[in-house]
Amino acid sequence: PPDSETHIADRPTLNAEFVNSERGVLYEDHDGNLWCGANNSLFRLEEKDKKVSFQRLDLKLPSNPVVAFAISGMFEGRDRSLWMVTTWGLVQRWPDGKEVFYAVDNPRTEALTGNLSASDGRIWIGSASGVYVIKPESHDELPAPGVLTVRDLQKVAEARTTGDYQGLPEK
């Protein structure tokens, strides 16, 4: 995160050739960290002495030879965890490295599209066949950092709709 002497206007300008929708997605979290999902990986932009570099972070995901891994979107949960919408499913990552992977059954037909982090902590995820609504586990319920927790998105969803919106949780 930027120190107290760094201001947004002081950030170096990134090369426009690198930052485009074909090469990846960018996201800035509430702590000022800049994230980039590109080249089938997750990167955090590091700034030191007005120079920018990318630190690659290993997501430790299980392999999936059906489709190539790519990050199509990022957002932050109410608990400050970083969420990534990917071609393999949904990934939740905390600053200490704890990760949960919500896998989709068939990445070829179940593409995840939209996302929303609701005020009640639920995560809403649009897909090719409807909308998933999940209530994520808390940070303290998960194993230590470095151990990937894998969940089946369809099994952990509180609700899933296929267009008629019946069965969605009521507030």
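Modeller: Two strands pair if DSSP finds at least two bridges between them, the strands (E, at least two residues) being DSSP runs numbered from the N terminus. The model is predicted, so local features need pLDDT of at least 70 and side-chain atom pairs pLDDT 80 or more, while totals for chains, interfaces and linings use all residues. Residues are numbered from 1 along each chain as its sequence is written, and side-chain values use heavy atoms, without hydrogens and water.

Colleague: Which residue in β7 stands opposite Val-85?

Modeller: β6 and β7 (residues 89-93) run antiparallel to each other, paired over four bridges. Across from Val-85, the residue in β7 is Leu-90.

Colleague: Which strands stand at the edges of the five-stranded sheet?

Modeller: The sheet is open and mixed in its pairing, with the order β5-β6-β7-β8-β12. An edge strand has a single partner, so one side of it is left without a neighbour in the sheet. Here the edge strands are β5 and β12 (148-152).

Colleague: How many aromatic pairs are there?

Modeller: Rings of Phe, Tyr and Trp (its six-membered ring) pair if their centres lie within 6.5 Å; planes under 30 degrees apart are stacked, over 60 edge-to-face, the rest tilted. The count by this rule is four.

Colleague: What is the angle between the planes of Phe-43 and Phe-54?

Modeller: Phe-43 is in β3 (residues 41-48) and Phe-54 in β4 (residues 51-57), so their pair ties together parts eleven residues apart in sequence. The ring centres are 6.1 Å apart and the pair is edge-to-face, with a plane angle of 80°.

Colleague: Is Phe-43 buried or exposed?

Modeller: Buried means under 20% relative accessible area and exposed over 50%, with partly exposed in between (1.4 Å probe, protein chains only). Phe-43 is at 13%, so it counts as buried.

Colleague: Which residues does the ring cluster link?

Modeller: Phe-75 and Trp-83 are stacked, 5.9 Å centre to centre with 10° between the planes. Phe-75 is buried at 7%, and Trp-83 is buried at 1%. Ring pairs make a cluster of Phe-75, Trp-83 and Tyr-102.
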